[in-house]
Every structure is written in C-alpha cells, then in structure tokens.
Amino acid sequence: MKRTALFLAGSALFISACSNEDASNEREGIYVTTSFSVIGDFVEQVLGEHGTVDYLVPIGEEPHEYEPVPSDFRNVSDSEVFYTNGLGLEEWLNRVVDNASETDIVELSEGVTEIPIEGEGAPDPHAWLSPKNVSYYLTNIVADLSERYPEHAEDFEANAANYQEQIDELILEMEESFEGIEEEKRLIVVSENAFKYFGEDFGFETDGIWELNSSEEGTTGQINRVIDVINEREIPAVFVETTVDQRFMETISSNTNVPIAGEVYTDAVGLEGSGAETYLDMIRHNATVFSEGLTEQ
Ligand SMILES: [Zn+2]
C-alpha cells in the first residue's frame, strides 16, 4: 500500500513539474542524469566537455530509500538517459522514475561479480566501494554513450582510459598503505556492512551493525552481536559513515572501549570543502582512515 501511494504522489509531482522549464534552457550539450553522486562522478569523467550530469540523491543522503522531489522528475525527463548502479540499489526509485518518464534507465554495474547480502540471495549493491570494480562502470558508460553519440565515441574512450589510469594508480597506492596492517586486525567494522567488495579485493573481512541501510537499523540484538565480535577479535578501531546515524557506533565504541577511528564515505562523495568531493578523493580518504585506524602504533 505504501508503495502505491508514493507511486501516485510521484506522478502528480511529475505532472506539476512539467510546466516549469527554466532549468533546462541553461544546459549545453548532452544531458544525462544519474541516481547518486558516486556514479555521477564516473559518468562526468567519461562525458567530459560534451555535456552535463546531474544526480538525484543529494550529498549527505543515502540512495537506498530516497524519495524523489519534483525537480528530479523534471531532470530525468529532460535527460537522454538515467544511469543507475543496479544490483537492487535503486529499485524503488526506478519504479517511480519509470512511471513518470520515457527516459531510458541503464544500470552501470553490469559485469561486476556479485557478492550476496548476508543471509539473503540478493546481491549487495556497494560494488563501487572497490576501485577494482570501476572498470566495469566505465566500460558500460562508454558503451552506452558511444551508442547514443557515436560522433564522440573516441573522446569517451580516451576520457575513460585517462580516468582508469588514475584509478590504477590509486589501487597501487592503497595496496601499499595496507601492507602494515596485521592479518588478524584486517576486519573493518562500520554501521552498514557496505565494504564487502572492497574487503574481497584488498584482503579484509568486513562486518556491520546492519547489512543494508534500507533494513532495520540499530536493534539491541544487532548492537550486542557487534560488541561480541569486537571483543573477540580485539581490533584497534571501528569506523562510521558520513551518511549514517553515528549514535549506534558511538554506543558500541563506549561499550568496548574501541575508538571510532574516523569517518568513511560509502553512499555519497563528500560535501564541498570536505576534501572528498570526487570518487578518487573519497576512496583515498577511506584508505587512509582504515590504514591509520588498523595499523597498531
Ligand atoms: Zn549503502
């Protein structure tokens, strides 16, 4: 029932939004939309000077349960294509968008080796948190944009190759920075267990108070389980996310005397002035926080 009500609200917003067209006149070149800031950055890298990219979920909010506002419907309708992560992340957003516009929806994580959510068959959506998966996103963006705009295909490919070089450098940098972390301390504990892909690629186990932000968050049972894991493993630090309510991890930290070593970026890039406004900087920041927190002094 809840879904149906929101559905209708979405369509009504869309209809009223159509009469207002001022924003669209200022855009130049190709116009595409994406669901959230991280993949917005990937698309921008490939599109380069040929157009503009907007993302729906504002920085500071998380994409799992985002409710679109009227300007979102207007922007998606105006755009050539709406790029999403896929792997179930934007499921409900897709339904609303699909209902309200003719714009194609293209999922960018295709090709990634899926890691399932603990206890469920569904995949974990956070593939972007491992920079080793970025090549899949870039390949899919280049393929889709080149099909739509073959006249710019060479530029898209060159832009992606240039960006991939920066990603490759970052991967090497990260591997080096993790070398000092002892084997038994290689456990990342955050609120939402979102670092599975990262953990798999860089040799860390991961845990979280809950599995996905869209599920139940911070029950006593969940908190007690994590406290037990931390006490058993004697890890030197835990971490919090910029887009998640930090009080649950604070409770865990004070109950275990294990400090929160820093904030990491998961479901959004950083705000203006944070130093993590881009994907490269957000991942570099995460790597530094993890290696400083888990390397014993
Ligand atoms: Zn998430």
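Strand E7 (residues 238-241) and strand E8 (residues 260-264) pair in the parallel sense over three bridges, where two strands count as paired if DSSP finds at least two bridges between them, and where helices (H or I, at least four residues) and strands (E, at least two) are DSSP runs numbered from the N terminus. Within this pairing, Glu 241 has Val 264 of E8 as its bridge partner. Together with helix H9 (residues 247-256), E7 and E8 form a right-handed β-α-β unit; a crossover is called right-handed if, with the strands pointing away from the viewer, the path from the first strand over the helix to the second runs clockwise.

This is a predicted model, in which local features need pLDDT of at least 70 and side-chain atom pairs count only at pLDDT 80 or more, while totals for chains, interfaces and linings use all residues. Residues are numbered from 1 along each chain as its sequence is written.

The chain is assigned a domain 1 (2-170) and a domain 2 (179-294), with bounds that come from an automatic or database domain assignment. Taken over C-alpha atoms, the centres of the two domains are separated by 26 Å. Across the boundary, 25 residues of domain 1 are in contact with 23 residues of domain 2, contact meaning that the C-beta atoms of two residues, placed from the backbone, lie within 7 Å. On the domain 1 side, the elements giving two or more residues are helix H2 (37-47) and helix H6 (153-177), and H2 supplies the largest share, four residues. The residues of that side divide into 11 nonpolar, seven polar and seven charged, with Ala, Val, Leu, Ile, Met, Phe, Trp, Tyr, Cys and Pro counted as nonpolar, Asp, Glu, Lys and Arg as charged, and the others, Gly among them, as polar.

Of its 11 residues, 11 are buried, so the helix is largely enclosed by the rest of the structure; a residue is buried if 20 or more other C-beta atoms, placed from the backbone, lie within 10 Å of its own, exposed if 12 or fewer, and partly exposed in between. The cover over these buried residues includes strand E1 (30-36), strand E2 (51-57), strand E3 (81-84), helix H5 (134-148), H6 and helix H10 (279-294). Gln 45, which lies in H2, is buried because 24 other C-beta atoms are within 10 Å, and, leaving aside neighbours within four places in sequence, Gln 45 is in contact with Asn 159 and Tyr 163. After H2 comes Gly 48, whose phi is positive, near 60 degrees.

Ile 39, Phe 42, Val 43 and Val 46 touch the most other members of the largest nonpolar core, which has 73 residues; such a core is a set of buried Ala, Val, Leu, Ile, Met, Phe, Trp, Tyr and Cys residues joined through C-beta atoms within 7 Å. This core draws at least three residues from each of domain 1 and domain 2. Beyond four places in sequence, the contacts of Val 46 include Leu 138, Ile 141, Phe 156 and Asn 159.

Two further residues have a positive phi although neither is a glycine: Leu 87, at about 55 degrees, and Glu 234, at about 50 degrees. Leu 87 sits in the loop between E3 and helix H4 (91-100) and counts as buried because it has 23 C-beta neighbours inside 10 Å. Glu 234, in the loop between helix H8 (220-233) and E7, is exposed, with 11 other C-beta atoms within 10 Å.
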